[in-house]
Amino acid sequence: MTGAKGRPGWRWLVALVGGFALGSAVRAETTFYQARIAPIMDRHCVVCHGPEKKKAGLRVDSFEWVMIGAESGAIVKPGDPKGSELYRRITLPATEEEVMPSDGKPLLSREEIKNIELWIAGGASAEKVMADFPGAPPLARPKAIAEALAPDWTSRAAQITALEQALGVRLLPRSQVPTDGLILRTASSPARCDDAALAKLAPVADLIVEAELARTRVTDAGLGAVAQWTNLRALDLTRTGVTSAGLARLQPLRRLERLNLTDTSVDDAGVGHLRALPELRQIWAFGAKVTEAADPRVVAK
Amino acid sequence: MKLYLNGKPAEVEVRLDTLGPKDSIRTDAATHVGRRDDFNPMRETRFQDVRIYRRALAADEVARLPFEDLAAEIVARQPDPRKWTTDAKFVAADRFYLGEKDAETISLASAVAAHDTAFEALTRDGPASLIAIEKTTPAYSDILKRGDYYARLERVEPGVPRFLSNWPAGAPRNRRGLAEWLLSAEQPLMARVSVNRIWQEVFGRGLVESAGDLGVMGDRPSHPELLDWLAVEFRESGWDVKKFYRLLVTSATYRQSASATAAQLAKDPGNKLLGRGPRYRMDGEMLRDSALAAAGLLVEKIGGPSVKPYQPPGIWEEVAMPESNTKTYVPDKGEGLYRRSVYTFWKRASPPASLETFDATSREVVCTRRARTNTPLQAFVTMNDPQWVEAARKLGERALQAGGRMEQRLEFLARATLARPLTPREGAALVKSAEAFRTKYAADPAAAAALLAVGESKPDPALAPAEVAQWTLVASQFLNLDEFLTK
Amino acid sequence: MTPNDNPFARDHDLCSDHCGEHPTVWDLPHVPLGLKREWLRLETRRQFLGKGVQALGWAGLATLLGRNGVAQAAESAMATRPALVPNFAPKAKRAIYLFMAGSPSQFETWDYKPMLYDMVDKDLPESVRGGQVLTGMTASQARFPIAPSIYKFAQHGKAGHWVSELFPHTAKVVDELCILKSLHTEAINHEPAILQITTGNMFPGRPSLGSWLSYGLGAINEELPTFVVMTSKMPHRTNVQALSNRLWSSGFLSPEHAAVALRAGSDPVLHLNNPKGIDGDVRRAMISGVNDLNRQLFERVGDPEINARIHQYEMAFRMQTSVPELTDFSNEPASTWDLYGPKAKEPGTYAYNCLMARRLAERGVRFTQIFLRSWDQHSNLPKNIRLMAEESDQPTYALLTDLKRRGLLDDTLVIWGGEFGRTCYSQGTLTAENYGRDHHPRCFSMWMAGGGIKPGTTFGETDDFSYNIVKDPVHIRDLHATILHLFGLDHNRLSVKFGGLDSRLTGVLPAQVIDAILA
């Protein structure tokens, strides 16, 4: 792949690109290409057809590169979507070998394809603006980069492992994203997990995002430790000895979203302690003494 | 009611007959032909000719009906046979003329029956074996796109893979040529793959660990020169498999102790460098055979049809179709319970459960290297499967029959299962459990009797049941030792 | 057992390629550069797999030998696939797959086709059939009379989904479901079709969906199997198809990833119970003696395998208590029996299995697959599908309801469906009360609920004959990609080198996660 630079044909191409770039510089209004087409290319195509890989000699990381096309020729025929290789490839059925993006990568959405179609039909222009394409459907906004749920745990791996071994619980990464936090998991031997064990988890208090404590020997005393886990989003206390009094301790859990109190002795008063938790969306309390009147977020039946 | 098949009286099985002597078969209900009720027509059935007579037909009339009458009608309708439809040809020419009138065809057809009978007699003493015979016309196959039966691509004929190197000059590109290529000295693959598999069986892992792939995508050999030497040795011995096994098991490498120091383990946990002897959990078949052998139950008879040892009820039923001929597992009686595991009946949809627990595969796809897992389910087999409980009981009886005091009996068991004497510490631990078992069964004859009832073989009446129960447990301990389960 | 004994965990030390006496792959002549790169990539990955996957049974043994999510993920922070940690935060932790073997008709269940009532007994237009190859069972039929559902449909729930009157209970929770009407497959016969949907490939020998989850994610509860399968008693004995272990086998993955069949009755796990005459005390003494000797052996031989053996026997002993606790329903409150119905007390029924599935989910079994057979209604469909619906409707509803009220539905994915669809025309004679339906691969319906599925939705549309898909087709590999996605796994990255390929559940053709049905 390093050979491309040395090929004689590329020298004048680079020069040509320079010329194009100058011509299209500085414009007050965002062009349709910049607003709609470039993001599609960036999202789906540039990984293979960009400065890094240039598969089939094609780059699409700028308008100019798109118009230069691939080794085999132009990929865009201005004014003629159906006659454009770009359009043909992105509209093939997923089962076709020639479909783009290739190798099972997600295909373009209907809206993305429509934008490209309109852009080519409108002359594949670098200058036209949004107003020139009134029928262009909006693109779904790319998902926002997920917020960090907890600090990066990776530097504390040894400590985490030691705690697991000492306490007989698991502290598992929720995902490969190191800021997704840890799951405290006790399903293998819930009987080993008690209030004392929870207290010993203080060194990783900020890392625990989900705590699966169902069937453990945790009681109200242990909830004092749990209350220190300020990044906790989900807490399962099914069939534990916690009571309404203990729930009062959970008020520091400002980020708690889901709380499971199934088969506990908690009653309406207990749930009352949680009223102020801003993120709490759902409280399950089947088999407890809670009524759904206590809080709209309660599922009790 | 009489039924005729192609004009000849047919046997009738009466399933239901509630007709009294004075009743009539006249009824308003519809008569169904070829179906039991409205809903279940016989599949792929068509009716060619339906006639209704107001009188009973005589046998000779019926005999003419199916083909003679029809043939007459066909001829009457169209005298020129070249213009007959396929159906007409079938009835008039095949069924009527060749089937009933042409003497030579009739005599040949009757000879077929005689040959069939003779063939049946020949195969009565054992199952027929399939053999391969080259067809007179070349075989072909169609390439199906992604295996789709409806997407036929090009037609292909027999050949050998293009990538095979050093193809013997003049060898045909068919099975014969492939055989010549496999055995030719110019290509090392066959010999390397073979010795690597045998090495894997003896040492637990191959010199090339990916025994099913010695190509560029497979693992590199740990000892390439050794692999080559073994391959040449094997080939030059005339592919003598037995001799090759002897070569391996008598080697200094194989006969090393399997013990490892912590330093050795840290440096070479998988024993890739062969610094110690092989040590791995044996395959399920070997384990079962070993237990039966230790118990003196193993029937060493060679060959014959498959056998069905113990298996809990219900396992086949859970997956079988109601009409399947392997729907219900009925264990054998007698020697079928104690044959070597290679003779165990194999239903691929539901392989022998206790062997599957030890990673036996379903045998649906080729397996060059069986996995070796370690699950609690395996402990359940070796502790609770009636096959193993009975083996323990018989082994315990052997220890009792050997006589002597407790220590001597334990030594007997150690020799029978571990092929070595016990250390004093081991002896002490075993005595401790043996005492516990004695106390239990001396006080609980019912439990002893229940334990002795496991398995088809009868307990030795000369021995006290409580003692047999006690020694069943001690023997079971030996059969569950890591050292017994491990090579 | 060391990690190196795993057949798929080749522990080639990359370094040995460069420092050892053998030439590195780069030095091999005649090997195309692309292949060399591939080799290098594989080697790198093998290292991680080698550390990540243990050839051990219940993952509990693995803990003993140092398998640890954090340690691994930390080590392989730069790897493409750290073992047993999802690629991204999952929505589903567990799944329960209600497998309707034999394939229920979409017409009497989820794909309401009112237009067919105008076409009763008319022939299916050739333009609709479009050259579809038929099975030998109907190919010889003289005509293809259109048979609308004999059962009525009504709209239910806030979403207003059309549900057949055969499912009055499930209709009550239809707002939890996402009904997929546009599944399709290539296979027209049961065996290839059922293999394709259970393993992603119509040829045997591939790992099943549950095995891939076990391989990719490991156990939640290391003292129970990761993948459990239960077969259900059949309410009647016609329209039955065979099942086989290959539907839940681990294929080319290590056998530890295969399902454990949980059997009805007193011995739910094969040979779990001690034989008559051996009680718990005797068993304890027996195992203590065995482990005493094994420990002595370990002192002499030093093989860590022996420690695994000791652990194996201790775990077996614990299971002799924990499994009966699992299967002992006596502590279930009365509300359970009201919900699941009286048949839930009879071991092996579909109702019993649904209740068991909830108990398994509570205890952290990753993947439970319940098979219910005899949906293959080629004939007598009206009568037999009613029997099947009566057998399964209430327990299915009960399972969903029970999971929901206990807070489990949030992260438990429930899947309902068969292996293909059925024809809109009658197999055999069509009468006012009776008809049959043949196999139909071009479209079929399934539903999913919980575990990150958008509730109260439908996806995909078929034509007026439910013969062809007209909108949003979902191939089985798309379904699989979506299920893996819900578990936080990228279907392209969950792969194992086998047969010269990066073998994946979704195969080599492109598969797409169905974003539209994700919550």
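B:R279 forms a salt bridge with C:D303, and their closest N and O atoms are 3.2 Å apart. A salt bridge here is a side-chain nitrogen of Lys or Arg within 4 Å of a carboxyl oxygen of Asp or Glu. The rule finds 6 salt bridges across the interface of chain B and chain C.

This is a predicted model, in which local features need pLDDT of at least 70 and side-chain atom pairs count only at pLDDT 80 or more, while totals for chains, interfaces and linings use all residues. Residues are numbered from 1 along each chain as its sequence is written, chains are lettered from A and ligands numbered from 1 in the order in which they are written, and side-chain values use heavy atoms, with hydrogens and water left out.

**The interface of chains B and C**

- Of the 2 pairs of chains in contact, chains B and C share the most contacts. Contact means heavy atoms within 4.5 Å.
- On the two sides, 91 residues of chain B are in contact with 96 residues of chain C.
- About 7,900 Å² is buried between chain B and chain C, and carbon and sulfur atoms give 56% of that area. Buried area is the accessible area (1.4 Å probe) that two parts lose on being put together, summed over both.
- Within chain B, the residues that lose the most area to chain C are B:M217, B:R220 and B:N374, together 10% of what that side buries.
- The rule also finds 30 residue pairs in polar contact across this interface, both residues at pLDDT 80 or more. A polar contact is a pair of N or O atoms within 3.5 Å; within protein, one must be able to donate a hydrogen and the other to accept it, and residues adjacent in sequence count only if both atoms are side-chain atoms.
- Several helices of chain B each supply at least two residues of the side that touches chain C, among them α12 (386-401), α14 (424-443) and α16 (465-479). Helices (H or I, at least four residues) and strands (E, at least two) are DSSP runs, numbered from the N terminus.

**Inside chain B**

- B:T417 is found in helix α13 (residues 406-418). B:T417 is buried, with a relative accessible area of 11%. Buried means under 20% relative accessible area, exposed over 50%, and partly exposed in between (1.4 Å probe, protein chains only).
- Not counting residues up to four places away in sequence, B:T417 touches B:A294, B:L395, B:F478, B:L479 and B:F484.
- B:L395 sits in helix α12 of chain B. B:L395 is buried too, at a relative accessible area of 0%.
- Beyond four places in sequence, the contacts of B:L395 include B:A294, B:F412, B:T417 and B:L479.
- B:L395 and B:L479 are 84 residues apart in sequence, and their C-alpha atoms are 9.4 Å apart in space.

**Inside chain C**

- C:N291 lies in helix α9 (residues 280-301) of chain C. C:N291 is buried, with a relative accessible area of 0%.
- Leaving aside neighbours within four places in sequence, C:N291 is in contact with C:I310, C:Y313 and C:E314.

**Chain A**

- Chain A has 10 helices and 7 strands.
- Of its 301 residues, 49% count as buried.
- Among contacts in chain A with a separation of 6 or more, 55% come from residues 24 or more positions apart.
- No contact joins chain A and chain B, and their closest C-alpha atoms lie 11 Å apart.
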